[in-house]
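The following briefing reviews selected local features of one protein model. Please consult the sequence and the structure while reading.

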Amino acid sequence: MTHPTFQHLRSHPVPALRLEFQEYRHIATGARHLHLAADDPHNAFMVAFLTVPHDSSGVAHILEHTSLCGSRRYPVRDPFFMMIRRSLNTFMNAFTSSDWTAYPFASLNKKDFNNLLDVYLDAAFFPALDEYDFAQEGHRLEFAQPDDPHSELLFKGVVFNEMKGALSSPVQRLGHELQERLFPTITYHYNSGGDPAAIPDLTHAQLKAFHARHYHPSNAIFLTYGDIPAAEHQERFETGALSQFQALPLDLAIPDERRYPEPVTDLIHYPLDGAEDLADQTHIVLGWLLGPVTDSMATLRARLLSDVLLDNSSSPLRHALETSELGTSPSPLCGFDTATREATFVCGLEGSNPEHAEAVEVLIFDILRQVATEGAPQDAIDAALHQLELSEREITGDGFPYGLRLIMEAMTSAIHGADPLSALDSDPLLEQLRAESRDPDFIPQLVRQLLLDNPHRVRLTMVPDAELSAKQAAAERERLAAIRATLTAADHTRLMEQARILAERQQRQDDPELLPKVGLDDIPPDLKIAEGVSRPVSDLPTTWYAQGTNGMVYLQVILDLPALEPDELDLLPLFCACLSEVGSAGRDYRTTQARQAAVTGGLSARAVVRGGIDDVRQVKGVMVVAGKALARNQAALSDLLWETLTSARFDEQPRLRELVAQMHAHREEAITDHGHLLALAAASASLSPVSALNHRWEGMEGLKQLKALDEALEDVGELEAFAARLERLRDRLQSAPRQLLVVSEAERQDDIATALTGRWQNASATPAAAFALTPPEAAPMRLGFSVNTQVNFCAKAYPTVASNHPDAPALQILGNFLRNGYLHRAIREQGGAYGGGAGYHPDSGAFRFHSYRDPRLADTLADFDRALDWLHTFDHPARTLEEAILGVIAAIDKPGSPAGEAIGAFFGTLFDRTPEQRRAYRQRILAVTLEDLKRVAAVYLQPERAHCAVLSDARTLTEQADITVIAA
C-alpha cells in the first residue's frame, strides 16, 4: 500500500538480507523514499541531503549542529539532547560527510519512533537557526572574562573546538590534505567539517542560505527500515513536512573532477609538539582518483582489486609495505574508499622519513608492475571474493543498529546517483565478478587501467614539525589581536551583550513538555537475554546458542587464566594481539593469513578480566580465541582455531618486530580520538585491580611500555628474548581449563558438533594457582599526560562499590542525572567542549567524570565539583529522575546482533552477571529515588577521595601548579 502523495516506483526482494527493497517518489516535491521492509521491530529512520560546501568554513557541519537547536513546532533551545532523555532510542545522532548530511535514529518502541520522527522532521525542514545557537555551536568572539573588554579575546564554539581536536590527529590531517589534492576543483577540495582557521569566516546569513538551498525535500532522501509499513511513514512525512513544499529546481550535482595530465607531488607538515627527535615520524602516501561510484560493477571490481592488493599480510602490496625498511607500518589510509562521488585508492607508509618519498613510490610501483605482469593467484582472488560475500551476509548491530547500517549503504549509493538496490542486493554483481575473475588477465588489466596508467595520482609527504603548534597558536593570537585593534567601544558592548544573552539562554529552563516523550510505563516489563544450552563436545564443556545468524557460524574457545607473574601479565595483551597474526601448524604467517582469508571472517584473541559483582577486588580472567565463518566453512574454522591456539609460531622474529611497531603506531594515532578513555583509565587506575590493569594494558601506562618495547626490539637479542617469552606463555596456557562457545542457526548445530568432536578435547589440566591481581595503592592523585593535541581531555574518578551493592543502581542513575541537568550545559554549551559526562563503572567500582575535545582544563575539573553542588542545592522536578532512568534502561535494553547478544549473554554468565542478576539489577534501577541520588553522592563523591587525570599539551600542563606532569 502506498500513500496517495507518493508514487511507488519498484519493489524487489533481497533474500540474502531477508527484506524487501521498496522505492517511492513524493509526487509534489520529488523527494525520494527508500524503505527496507523487514520482519524486525527495531525500526530505523534517516533523512539525508546532498550538501556541497565551497569553502572550509564548516557550514554543513555547523548547520548539522544548529538545526538540532530548536525548530518551529518545538521551540526549545536543545530538543536533540532533551529528546535523548525523553526517549528509549537505541541510536540518535547526526552526521556530516564530505558531500552529505544525515539525521538517523532507531528505536524498538513504535511510540518512541514516531516521537523522534516528528522532532527530526521539524529540525531538518523548519529549524530556528537562531544566531545565538550559531554562536554557541559554530563560532563566536568572546572575552576571556565575558564582561571585561580588557581581558583576552578568544574564538569559542563547539565545532571550532571539535575540529581543533580532529585535526590534532595526524592521520585525519593527512586524509584531509590528500583529499584536497586529489580533488583540486570541486567540493571535496574543502574540509566539510571545517578548518579552525576558516570557521570564523562563516556568517549566520551564510548558514541560513545554505539551509534554504540544501535542506529542501527536492534534495532529500528519506530512508526507513523495519516492520512499520512504508505508507505509515509517508503519512508522517507528508503531515510533518512535505505538504508545505513544492518542487524546487536544484543544481547541486557534483561534476567529475578534472583529471591531472601528470602526477602531483607535495610536502606538508603536521604538529608534533616538543619532539626532540623527528626521525621516523613522516607519513608518505600515494592516492589515485578512480571512477564514479555510480557504476556499481566498476566499483565492485575496484574494491576486489584493493582487497587482492591490501587485505591481509599475504596480499602483495600489504606484505611489501609491512616488511619495508622505509617505514614502520602501512598507512591507516591504505585502501579503497567510496565516500566521495568518484572513488579513491590510497597506499603508503607511516613511520618513515621525508628523504624516502621517492623510494616508497618506487616500492609501490614495483609491486603493481609485478602484479600487472604475473597476475594474482586464483586462490587470493577467491579469498577476496569470499570476504566480500561474508561482509554482505553477516548481520551486524552490536555498535550500530543493523537496520541503520543497511540504510547507510543504500543512502551513500543513492546520494551519488547510483542504484541503491545494487548496494544491498550484490549477489548478481558478485556472480558476474566471479566469472570475470577467472580470466588470468582480469587483475593485471585492472592494475594497469586504474593505477599504472592513471596519471591522476598524488604523492603526499607529511613531515613532523615540533614548532608548528606554537606557530598556529601565534597566528591565531595575531589574528585576534588584529581583530581587537579594529573593535570600537560599541563592538566591546556588543560582544559583552552577546556573551550575556548567550549565558542567560544557556541557563534558561525550557518547558520540556513542548516535546513528545515516553515514560516509565512504556518500558518493556522484561529484559530479553539470549538463552544457551550446555552440551559437551567430547569431554569439553560447550555452550550452544541458536540464533538467526543468516548462515554464519561463530566459534570461540575460552581458557581460564592461571596465576600470572607481573611480566607474564604485561605480556598477555601482546601475546593475544600477535596470536592470530603469526604462522601456525608449521605454516609461515603469510600462508596462515591467506588461509584465514579463504575460509573465515577473521580470527582474534583477547584477554578479559573483570571484577566481582560483590567485591571488585575479587577478579576472574580468561583468554578468548574467536573466529567466524560462513556455515560451509565451519569445519575449517574449527581447525584454524585449534591450530592457532596450540601451534602458533613465534619463531618468525621479523614478523614479531613488524607487529609491535604497528601496534605502537596505531596506539599513538588513537590518542586524540580516544583521549577521554585514556584520561578515565588514568584517573581510575588506583581504584581497583581491574582499573589498574586497564591503565597498564590499554591506557597511557600501557602506551609507555609499548613504546619502550618497540625501541628495545631494535636489538636482536631483545627480539629473541621477546619471542621466547611468547613461546613460554603459549606453552603454559595449553594446560589451562577450557570450554567452547558456539553461535549458529539451530539446524546447523549437529554438523558443527560432529566437526568439533574430531578436533577438540579438554586439556590435561594441571592444578594451578587461581588468577588474581594485587589491589593498587589508592592515594588520591592529580596526573597530567603531555600529548600532541590542541584540546584537552579531563577526567575525575571516585571509589564507590561493586555492582551487587544496594547503592550501585543509584550511582548508575546519578551519572545520567548529572549529565542531563548540569554537565551538558556547563561542559559543552558554556565551556565549548565537544562532549562530557559522568557515569558509574561497575567493573572498577568507580564513579567517573570526563570531558572530550575540551578547550578548558581547570575550569572543567571545577565544573565536575560544581555538578555535585547543583545536585544538593537545587530543586529537581520529578521528570528529571524519570529521564535519567529512561536513559539507563534504554542502554541496558539496547539490542545487538544475533551473535553479539548470545556472546554477551554467555560472558555475562561466565562473570556472574547471570540473566537473573541482570534482570534484578534492572528492577532496582526502576526503584531509585531522588533522595537515593543525593545520598550516594554525599557518601561516595567527597572531594578528598577524588582522583584526577588530564591529557593536554605540554604548555598547558606547565600552567597547572597542582598537577604532576608525565611525558607520554
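Two strands are said to pair if DSSP finds at least two bridges between them. Helices (H or I, at least four residues) and strands (E, at least two) are DSSP runs, numbered from the N terminus. This is a predicted model, in which local features need pLDDT of at least 70 and side-chain atom pairs count only at pLDDT 80 or more, while totals for chains, interfaces and linings use all residues. Residues are numbered from 1 along each chain as its sequence is written, and side-chain values use heavy atoms, with hydrogens and water left out.

**Sheet β17 to β22**

- An open sheet of six strands has the order β17-β18-β22-β19-β21-β20, with mixed pairing.
- Its edge strands, each pairing on one side only, are β17 (533-534) and β20 (603-611).
- Five bridges join β18 to β22 (residues 738-744) in the parallel sense.
- Opposite Thr543 stands Leu741 of β22.
- Helix α21 (residues 634-647) packs on this sheet and touches β19, β20, β21 (619-630) and β22; contact means heavy atoms within 4.5 Å.
- The direction of α21 makes about 140 degrees with that of β21; axes are lines fitted to C-alpha atoms, for helices over the stretch in contact, and angles run from 0 to 180 degrees between N-to-C directions.

- Seven bridges link β25 and β26 in the antiparallel sense, and His841 stands opposite Ala846 in β26.
- The 16 residues of α29 (residues 858-873) should span 22 Å at 1.5 Å a residue, which agrees with the 23 Å between its end C-alpha atoms; the expected span is 1.5 Å times one less than the number of residues.
- The buried residues of α29 are Thr860, Leu861, Asp863, Phe864, Ala867, Leu868, Trp870 and Leu871, where buried means under 20% relative accessible area, exposed over 50%, and partly exposed in between (1.4 Å probe, protein chains only).
- Among the elements against which these buried residues pack are α28 (808-830), α33 (930-940) and β27 (947-952).

- Strands β1 (residues 6-14) and β2 (residues 19-26) pair in the antiparallel sense over eight bridges.
- Phe6 stands opposite His26 of β2.
- Four residues lie between the strands of this hairpin, in which Arg18 takes a positive phi near 55 degrees.

- For α11 (residues 357-374), 18 residues at 1.5 Å each should span 26 Å, and the end C-alpha atoms are 26 Å apart, which agrees.
- Buried residues of α11 include Val360, Leu363, Ile364, Ile367, Leu368 and Val371.
- The buried residues of α11 pack against β12 (282-292), α9, α10, β15 (342-352), α16 (442-452) and β16 (457-465).
- Helices α12 (residues 378-393) and α15 (residues 427-436) pack at about 175 degrees, with their axes 11 Å apart.
- The pair α12 and α15 is therefore roughly antiparallel; angles under 35 degrees count as roughly parallel, over 145 as roughly antiparallel, 65 to 115 as roughly perpendicular and the rest as oblique.
- Leu385, Leu388 and Glu389 of α12 meet Leu430, Leu433 and Arg434 of α15 in this contact.

**Loop residues**

- Most residues other than glycine have a negative phi.
- Leu129, in the loop between α3 (110-125) and α4 (131-137), has a positive phi near 50 degrees and is buried, with a relative accessible area of 6%.
- Asn550, in the loop between β18 (542-546) and β19 (552-560), has a positive phi of about 60 degrees and is buried at a relative accessible area of 4%.
- Ser315, in the loop between α9 (296-310) and α10 (316-323), is buried with a relative accessible area of 4%.
- Not counting residues up to four places away in sequence, Ser315 touches Asp307, Val308, Leu309, Leu310 and Arg590.
- Ser315 and Arg848 are 533 residues apart in sequence and 44 Å apart in space, C-alpha to C-alpha.
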